[in-house]
Amino acid sequence: MDPCTQVVWFKRDLRVRDHAPLLEAAANGPVICLYVYEPSLLRSAEWDASHSQFIAESLQELSERLASLGGRLVTRLGETVDVLERLQQESPFQSLWSHEETGNDITFRRDRAVADWCRARGVIWTQFRQDGVVRRLHTRDGWSERWDRAMSHPVLPPPLRIASASPVASDGILGPVQLGLGPSAKTEAQRGGEGEGSWTLERFLEVRALDYRRGMSSPVTGWDSCSRISPYLTWGCLSMRSVHHALRERLATLAAERSAGLPVDRRWFDSLRSFGSRLRWHCHFIQKLEDEPRIEFENFVRTFDGLRESFTESDEGRRQFEAWCTGRTGYPMVDASMRCAQATGWLNFRMRAMLMSFASHHLGLHWRPTAVFLARHFLDFEAGIHFSQAQMQSGTTGINTVRIYSPAKQAIDQDPDGVFIRRWVPELARVPLAHLARPETMSTSVQEQSGCVLDRDYPRPVVDHATAYRQARERLQSIRSLSATRSEARRVLVRHGSRKGAGFRFLRAELEERGLTGRDRIDPAASAVRQLEMPM
Ligand SMILES: Cc1cc2nc3c(=O)[nH]c(=O)nc-3n(C[C@H](O)[C@H](O)[C@H](O)COP(=O)(O)OP(=O)(O)OC[C@H]3O[C@@H](n4cnc5c(N)ncnc54)[C@H](O)[C@@H]3O)c2cc1C
């Protein structure tokens with residue numbers, strides 16, 4: 001028995017750099033570096049073979065990096081508590097080290113079970129904060145400053161040396177096929193790994209970010225203009241702090257060049273600052289789930305309950321859902337976005353928002369099944385961001401401006417030459433540009449000439465845009481105008497709202513005007529917040 005054995009439990013932190021649990025464990029004794037393939041997660045509706053593929057690539061690199069430091073990666077297939085129990089029998093340990101995780105309900109319940117197990121076995125489980133998300137947060141006041149402080153800590157180096165604990169068996173690196181998920185169907189997915197993540201970030205900061213602001217909204221330019229670091233953040237190949245520091249260094253270099261009289265394009269600064277705010281958003285959204293885990297399943301504002309459920313479960317609803325999932329809605333921009341997400345695992349923000357908004361508003365589907373479907377296809381699925389965004393785009397948060405996108409307008413604005421649509425919806429490849437956003441406007445002869453006959457090669461629109469838009473607006477407005485919705489929305493704003501947002505500034509100003517500035521005296525429900533009204 002080796003009483004000093006330390007177990008580092010790698011979860012969604014597949015790296016050696018800026019890894020406090022690894023560094024601390026290595027300083028305390030011989031280490032078992034453990035990764036667990038958990039059947040409950042692998043079987044969940046949000047999991048896809050592509051996630052396992054990305055993890056396998058990341059684990060391969062992690063294993064090599066650990067080996068170069070003297071460590072060894074041990075993987076096990078099984079539920080974590082069972083794995084820990086067996087490991088304890090094989091190689092007794094008293095210390096378990098990991099990062100905190102704000103995942104979905106499955107990982108939340110698993111973490112509780114692990115905590116119970118540790119208590120029962122006398123194992124000390126030390127968890128470190130992974131990013132700017134705060135556990136047991138009482139108020140959002142001062143959250144942003146806390147985020148700044150967390151990010152200002154230096155990036156931790158990997159341990160100089162890892163002493164390996166006495167060898168225990170490992171299940172090796174298991175890809176999706178070995179895990180029974182079949183091969184990943186994503187033909188153009190990003191590759192996992194700490195090195196790939198660093199390279200993607202470096203290329204972005206040094207080269208691609210110049211056009212970030214201008215290019216981020218279009219799916220044509222988004223692939224190059226956006227950073228695409230999201231999967232690396234989700235699986236922890238990059239830490240948020242290391243991204244933040246790399247950004248600060250790049251900004252400092254550009255500022256120094258400008259001070260030295262070198263020509264520096266202004267767009268660098270605008271783009272990089274804009275990117276920097278989004279890093280904060282990442283944690284801001286995850287904090288919502290950390291503070292209120294029920295939002296994974298339930299509407300932020302409960303007065304929206306019942307809005308879409310029965311239609312979603314109807315035969316017609318199921319047909320609409322199927323058309324949306326398979327990229328056959330008759331709206332080329334929606335279909336191209338869906339097919340792109342399924343082939344690459346990534347989509348720029350605007351197209352994600354449009355896909356979600358279309359499903360909820362045009363098709364009238366509840367956000368939960370559509371969000372779960374997208375979760376499976378996004379390589380960067382991050383429950384806190386994903387479910388909050390799904391609800392935002394569906395209008396159930398009560399505090400955000402609701403946007404109902406016109407897919408045809410998005411096609412004209414964001415894909416003016418039809419490059420994106422033609423690439424992902426090949427049946428429209430020869431449709432003239434004038435009809436590409438709305439193929440149903442083609443005459444019979446144009447359909448014949450372009451080799452795309454409606455109903456045979458490509459569907460007509462599953463719903464009429466103008467009618468669906470009007471009905472969605474009316475339905476939402478009728479709920480938003482209820483006084484119960486308004487007071488619930490105020491609760492959401494106080495609990496989750498950014499203190500920098502216009503809505504919150506207004507609420508605070510109004511409270512100040514009424515002399516209700518003391519924190520304990522603030523009764524948000526007593527105040528009217530105009531910004532909560534829906535400017536559609
Ligand atoms: C319906 C819907 C679902 C989404 N699901 C996810 C998800 O599961 N995982 C995820 O990481 N992002 C999600 N997003 C947010 C956003 O679309 C992605 O973060 C972004 O497109 C990832 O690409 P990028 O890394 O190139 O982002 P960049 O624009 O380069 O931004 C850098 C990083 O900032 C963060 N970020 C950027 N935009 C947002 C945002 N709007 N909200 C929160 N964080 C942001 C991400 O961590 C991102 O990697 C979702 C958005 C919508 C509308």
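Sixteen aromatic pairs, written 16 in the count, are held by the structure, where rings of Phe, Tyr and Trp (its six-membered ring) pair if their centres lie within 6.5 Å. In one of these, the ring centres of phenylalanine 204 and phenylalanine 275 are 4.8 Å apart and the planes stand at 50°, so the pair is tilted; planes under 30 degrees apart count as stacked, over 60 as edge-to-face and the rest as tilted. Distant parts of the chain are linked by this pair, since phenylalanine 204 belongs to helix α7 (residues 194–206) and phenylalanine 275 to helix α12, 71 residues apart. Helices (H or I, at least four residues) and strands (E, at least two) are DSSP runs, numbered from the N terminus.

The model is predicted: local features need pLDDT of at least 70 and side-chain atom pairs count only at pLDDT 80 or more, whereas totals for chains, interfaces and linings use all residues. Residues are numbered from 1 along each chain as its sequence is written, and side-chain values use heavy atoms, with hydrogens and water left out.

Around the ligand there are 26 residues, of which Tyr212, Ser227, Arg228, His282 and Asp380 come nearest; a residue counts as near if one of its heavy atoms lies within 4 Å. A polar side-chain atom of tyrosine 212 is placed 2.6 Å from a ligand oxygen atom. On its own the ligand has 820 Å² of accessible area, of which the protein covers 98% (Shrake-Rupley method, 1.4 Å probe). Two or more residues of the shell come from each of α10 (230–234), α12, α16 (349–362) and α18 (383–394), with α12 giving the most, six residues. By class, the shell has 16 nonpolar, five polar and five charged residues; Ala, Val, Leu, Ile, Met, Phe, Trp, Tyr, Cys and Pro count as nonpolar, Asp, Glu, Lys and Arg as charged, and the others, Gly among them, as polar.

On a 1 Å grid over the protein atoms alone, a cavity is a set of points where a 1.4 Å probe fits but cannot get out, and a pocket is an open set with protein on both sides within 12 Å along at least five of seven lines; lining residues have an atom within 4 Å of a point. Grid points are joined across faces, edges and corners, and a volume is the space filled by probe spheres set on the points. The count comes to four cavities of 30 Å³ or more. The largest cavity, of about 360 Å³, is lined by 30 residues, with Arg12, Leu41, Trp47, Glu101 and Trp235 nearest its centre. Its largest share of lining, five residues, comes from α3, and the lining divides into 16 nonpolar, seven polar and seven charged residues.

The second largest cavity has a volume of about 250 Å³. Among its 23 lining residues, Arg12, Glu100, Thr102, Gln130 and Asp131 are closest to the centre. The lining of this cavity has five nonpolar, seven polar and eleven charged residues.

The second largest pocket holds about 520 Å³ of space. Phe108, Asp111, Arg112, Arg135 and Glu290 lie nearest its centre, and α5 gives the most to its lining, with eight residues.

Note on methods
Polar contact = N/O pair within 3.5 Å; in protein donor to acceptor, adjacent residues only side chain to side chain.
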